[in-house]
Amino acid sequence: NPSFDNKMVKGDRATWKAKYFVKIQRLLEEYPRIFIVGADNVRSKQFQQIRTSLRGIAEILMGKNTMMCKAIRGQVANNPSLEKLLPHIKGNVGLVFTKEDPVLVRDLLLQNKVAAPARAGAIAPLDVTVPAQNTGMGPEKTSFFQALNISTKIAKGCIEIVSSVHLIHKDEKVGASEATLLAMLGVKPFAYGLVVENIYDNGAVFAPEVLDITDEQLLAKFSAGVANIAAVSLGMGYCTQASVPHSIINGFKNVLAIAIEAEIDFPQADAVKAFLADPTAFAVAAPVVAAVEETKEAVKEESEEEESDDDMGFSLFD
């Protein structure tokens, strides 16, 4: 009965949707970090490999964008920051939920890329250059290379590409001839996998490039910012936490100058006054060390000369 079958299909579909919404609700409540990943050109077998590698670390959820957005909107009342995900759910994307270090998850996703041939009509994810080489093909294929404006010559009965050729440009469609040539050469220039597009972490959404920022880079940027604030504050005569140490040092310099000029004594000025009274006393240590080093070198050279004389192999009494 066709009507009975349709009811069964609709019923199964409704049940599946209900389970899907329950699952995504659980994931949104359980995991603080969500990766929005592009899934273009990723096939079912590769998905299984990725799920296996992420087992115990992350969970992958795929589905129609409308369903994912609807499920997320249903959780906005409990967690308003989830609304930041909605603008990024477009195209062929999925969600990867995790509690682990984002760098670890990102690296695992990158490790699960699979080499793939260039297909005609596909958008190239990168530039493809064919190096100069002996192709191993017979002279009858020469016209094919000429159609692609590739310079060749015949060497040992085979076609040899004379110089490197920039065959495919990034973000452009792959032509049929280019795809055929790469297949003939046995080249798989592309690698496909889940591509991290954005990361949601405890209410913040950021690009994956942020994960490459090191502590040293952050410290350097912070130090440069503090230095700029201190310089501006000193120039304006406006006191800030960044400029206070410099103001104190500059003030101490002024006090020290007055103390020296007025012959006022206090402990912090004694060392400076002693230096001004006899600068050579503070430069004695360096020459002494240098003299010791020179003496050692001289002794070493004399001993080497004596050894060379002893090795002449004869004496006056031979």
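Buried means under 20% relative accessible area, exposed means over 50%, and partly exposed is in between, with a 1.4 Å probe and protein chains only.

Before going on, a note on the model. This is a predicted model, in which local features need pLDDT of at least 70 and side-chain atom pairs count only at pLDDT 80 or more, while totals for chains, interfaces and linings use all residues. Residues are numbered from 1 along each chain as its sequence is written, and side-chain values use heavy atoms, with hydrogens and water left out. Helices (H or I, at least four residues) and strands (E, at least two) are DSSP runs, numbered from the N terminus.

Next, F21. This residue sits in helix α1, residues 2-30. F21 has 24% relative accessibility, so it counts as partly exposed. Which residues does F21 contact, leaving aside its neighbours within four places in sequence? They are M67, K70 and A71, where contact means heavy atoms within 4.5 Å. F21 and A71 are 50 residues apart along the chain, yet their C-alpha atoms are separated by 5.9 Å.

Now the sheet. Three strands form an open sheet in the order β6-β8-β7, with antiparallel pairing. The edge strands are β6 (133-134) and β7 (152-155), and each pairs on one side only. Two strands pair if DSSP finds at least two bridges between them. Between β6 and β8 (residues 158-161), which run antiparallel, there are two bridges. N134 stands opposite E160 in β8.

Last, two backbone angles. K156 lies in the loop between β7 and β8. K156 is not a glycine, but has a positive phi of about 55 degrees. Is K156 buried or exposed? K156 is exposed, with a relative accessible area of 84%.

D171 is in the loop between β9 (165-168) and α6 (176-185). Its phi is near 70 degrees, a positive value in a residue other than glycine. At 56% relative accessibility, D171 counts as exposed.
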